[in-house]
Amino acid sequence: MCECMQTSTSALDVAASLQEIAVMLRLKGGRYFQARAYESAARLVAQLGDSLDTLIREDRLRSISGIGESIARQIEQLQQTGSSWLLEKLRSELPRGVVELSTVQGLSLKKIQQLQDALGISNIAELKAAAEEQKIRTVKGFGPKTEKKLLDALTHAPKKRTELHLHKALRMAEEIVAYLRTNKTVKRVEIAGDVRRWRETTTELTIVASSSRTSDLLDHFARYPMLVRVLEQNLESCMALLNTGIKVTLTAVSPNEFAFALLQATGSVQHLERLNQLTNSRSLRSAKSEQQIYRELGLQYIPPELREDSGEIEAALSGQLPEDLIQLGDIRGMVHCHTNYSDGKHTIEEMARGADELGLLYLTITDHSPTAFYAGGLKEDRLYRQWDEIDYVQDKVKVKLLRGTESDILADGSLDYPDRILDQFDVIIASIHARYRMDESQMTERITTAMRQPWFKIWGHALGRLIEHRPPFKCRMEEILDVVQESQAAIEINGDPYRLDMAPEWIRLARERGIKFVISTDAHSINGMKNLKFGVGIARRGWVRRDEVLNTLETSAFRNAVKPNSI
């Protein structure tokens, strides 16, 4: 009797099948949340690699957050047999090639079925050939105009989608980088483009890699499970469409061309145009590093966050570019954090232990003030209970807990606690949470009045923007900055990925006035504290230096710098 060895399907193949299931569930309609769960599971499985076999063998797959019982069963079937009952069921119910064809703008599920029934079309190559041969117009319900639109959609890159938030773009890019590093030919791989410059949003992802065999690496990229369609591919790059609809481009070059390719792919376009004016036809393609490229152009090294043609070339030519820009490792304490006393998810102790794990020296507890009733703002009795709990928790943790508030700036510019309470806080963050539609003069008066209050304060998420959802409110910004300077107040650079407030151009104007900053996360959970890197990224885009950030100070120095009677 002969025993045949059973070979298991790779994690990447399983992830690709899960992604196929997700797309087909979306196409069938009415199963959005189920489709989303399978998309999430596909990303998780793609990252597991060889450990997937071990997890299944030891029956630990269900211990992974995001993989429930039904999805776990599908993963096990896919890993053991290469298929699953749900995958086969969906394939039998939908037209062949529906996943690929659904990426073409203008093709609904119904139209895909019509084309398959009439012409047997089951992939994009067949669709394009049929359109070029003018066969599409012969199908009932299509016609010459529809045929032309489909051909246009096939020969041009998809239109740009809504801007993707930085944190989501970074996560997607990091997952692609991790996948590329599984290829044995890869030497270096880096995220480039808008994400490397820490732009608040982007419409596409850009990756640069070096390899001893670039064609192998490009083919490896084209097999990434989260890709639904390759748009263009040549000897040096591959442009594809992710399952999210976001375009991603990989540039693959030889190792000695990596630095130049990374610089070019990082941008911005305007910055690169200025650099081209300085090259004098010199070849920099084989430079060993970006630092060498800038040095040979007679410039200080310009970090990616500054490459926007906003004065960085002139500063680098004259040697005036700051070389001590703030870095993530410079931050000593976490400022602006919420607990479950207001609208936070975790308790004071849970937040404190989270700060301990991050190695922070201090943590400001700044829950909302009473006017923010919708966010559980603290009236005086609950505030006193919170202070008692802070004292209790302090004995159990290393991080120094500071009593604070995010006090609403009321319509008349006053702060939302009586003076006798304000005077007892360690730190006061003054923010606007309501009445955003005041006219420019009213809002300017409101904020300048608040900034003149006789307690040191930090102006929280200054202009109230929510990226892609709420624009900054109207005010005379330079007038407010003058008052902030006179009052010796500080400005928060908010690292919440949906805020990233203030914008870099205003940060630079504040710097010119000598105004200090704190970099915060506006954390409403333990995980929220991990968003500090986004605040640092925006600060760097505003040219902020280490000694301009108050929470780079040690505990006692920070406490003295921000206490209410410090001005």
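Are E200 and R465 buried or exposed? Select both residues in this predicted model: E200 is buried, and R465 is buried too. Now display their side chains. E200 and R465 form a salt bridge, with the closest N and O atoms 3.0 Å apart.

Next, select E20 and R91. Their side chains meet in a salt bridge at 2.9 Å, N to O. E20 belongs to helix α1 (residues 11-28) and R91 to helix α5 (residues 85-93), so the contact ties together parts that are 71 residues apart in sequence. R91 has a relative accessibility of 37% and therefore counts as partly exposed, because that class lies between the 20% limit for buried and the 50% limit for exposed.

Move on to R213 and D216. This pair also forms a salt bridge, and its closest N and O atoms are 2.6 Å apart. R213 is partly exposed, with a relative accessible area of 48%. D216 counts as partly exposed as well, at 31% relative accessibility.

Then select D59, R62, E69, R73 and E76 together. Salt bridges that share partners join these five residues, D59, R62, E69, R73 and E76, into one network.

To finish, zoom out to the whole model. How many salt bridges does the structure hold? The count is 40 salt bridges, and the pairs visited here include E200 with R465, E20 with R91 and R213 with D216.

Note on methods. Residues numbered from 1 in each chain as written. Predicted model: local features only at pLDDT ≥ 70, side-chain atom pairs only at ≥ 80, totals over all residues. Heavy atoms only, no water. Salt bridge = Lys/Arg side-chain N within 4 Å of Asp/Glu carboxyl O. Helix = DSSP H or I, 4+ residues; strand = E, 2+ residues; numbered from the N terminus. Buried < 20%, exposed > 50% of the residue type's maximum accessible area, 1.4 Å probe, protein only.
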